[in-house]
Amino acid sequence: PLEEAIYDSVLCPREGNNYDVTSFVARGTALEDHLTSYRERDIAPDVVACEQAALYAFARHTAGDASSIIVVHTTATYSLILHISEGKLLSSHLLDKGYSPLLKSFCRERNLEAAEGYKELTELFWGKNALPRYFDEDIHAFDKEVAKTVKALLPNNKNASPPTVITTGF
């Protein structure tokens, strides 16, 4: 029954008033079972989310048997960084930095609505064209923060092979 479900969705703006919608649904009883097992171990999570599980499955499918995987998932308001080693999700870290400041700056500079700006900015990121110079400082600051977080998540083993890196989201 619908009243027993927990529902969440992610909206991604497209042209006009159109959006791509990704939905997640779980039975409330399944979530309560997990929370009970956490309480039994004196763990009280601030937030319960399924993003890490979905990104873990995507990374394992994409990178196959890579021994070390870093996933950087960027949304409008935050970035989620996962470290997967030997098939196990070892850690995840949430940064309160997303692509929204870049998008706002881009739209303001080019006098675009958000959906149109998102489309053009995405084409720039994934295309062969260089990003506008006014992004340099923002992108450098974001890259520096991601690199610092990734370094903190990885073990201090100089003999370890470099991880496979997967970026998703924007």
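Colleague: Which residue takes a positive phi in the hairpin of β4 and β5?

Modeller: Glu86 does, in this predicted model. Its phi is near 50°, and the hairpin has two residues between the strands. Glu86 sits in the loop between β4 and β5. Note that Glu86 is not a glycine.

Colleague: What makes Glu86 count as buried or exposed?

Modeller: Its relative accessible area is 63%. Exposed means over 50%. Therefore Glu86 is exposed.

Colleague: Why is Asn111 called exposed?

Modeller: Its relative accessibility is 73%. The cut-off is over 50%, so Asn111 counts as exposed.

Colleague: Back to β4 and β5. What makes them a pair?

Modeller: A pair needs at least two bridges. β4 and β5 have seven, in the antiparallel sense. Therefore they count as paired. Within this pair, Leu80 stands opposite Leu94 in β5.

Colleague: How many aromatic pairs are there?

Modeller: The count comes to one. The pair is Tyr99 with Tyr118.

Colleague: Why is this called a pair, and why is it called tilted?

Modeller: A pair of aromatic rings is described by the distance of the centres and the angle of the planes. Take the distance first. The centres must lie within 6.5 Å. Here they are 5.7 Å apart, so Tyr99 and Tyr118 pair. Now the angle. Under 30 degrees is stacked and over 60 is edge-to-face.

Colleague: What does the pair tie together?

Modeller: Tyr99 is in the loop between β5 (88–95) and α3 (100–110), and Tyr118 is in helix α4 (residues 114–126). So the pair links parts that are 19 residues apart in sequence. Both Tyr99 and Tyr118 are buried.

Colleague: How do you know that the span of α2 is close to the expected one?

Modeller: Helix α2 (residues 51–63) has 13 residues. The expected span is 1.5 Å times one less than the number of residues. That gives 18 Å.

Colleague: Which residues of α2 are buried, and where do they lie around the axis?

Modeller: Glu51, Leu55, Ala59 and Ala63 are buried in α2. They cover an arc of only 65° around the axis, so they lie on the same side of α2. The buried residues of α2 pack against β3 (68–74), β4 (79–85) and β6 (164–169). After α2 comes Gly64, with a positive phi near 60°.

Colleague: How many helices and strands are in the chain?

Modeller: Five helices and six strands. Along the sequence the pattern is β-β-α-α-β-β-β-α-α-α-β.

Colleague: How much of the chain is buried?

Modeller: Buried means under 20% relative accessible area. Of the 170 residues in the chain, 28% are buried. The chain exposes about 12,000 Å², with carbon and sulfur atoms supplying 52% of it.

Conventions. Residues are numbered from 1 along each chain as its sequence is written. This is a predicted model: local features need pLDDT of at least 70, side-chain atom pairs count only at pLDDT 80 or more; totals for chains, interfaces and linings use all residues. Side-chain values use heavy atoms; hydrogens and water are left out. Rings of Phe, Tyr and Trp (its six-membered ring) pair if their centres lie within 6.5 Å; planes under 30 degrees apart count as stacked, over 60 as edge-to-face and the rest as tilted. Helices (H or I, at least four residues) and strands (E, at least two) are DSSP runs, numbered from the N terminus. Buried means under 20% relative accessible area, exposed over 50%, partly exposed in between (1.4 Å probe, protein chains only). The arc is that of the directions from the helix axis to the C-beta atoms. Contact means heavy atoms within 4.5 Å. Accessible areas come from the Shrake-Rupley method with a 1.4 Å probe; for residues, only the protein chains shown count as cover.
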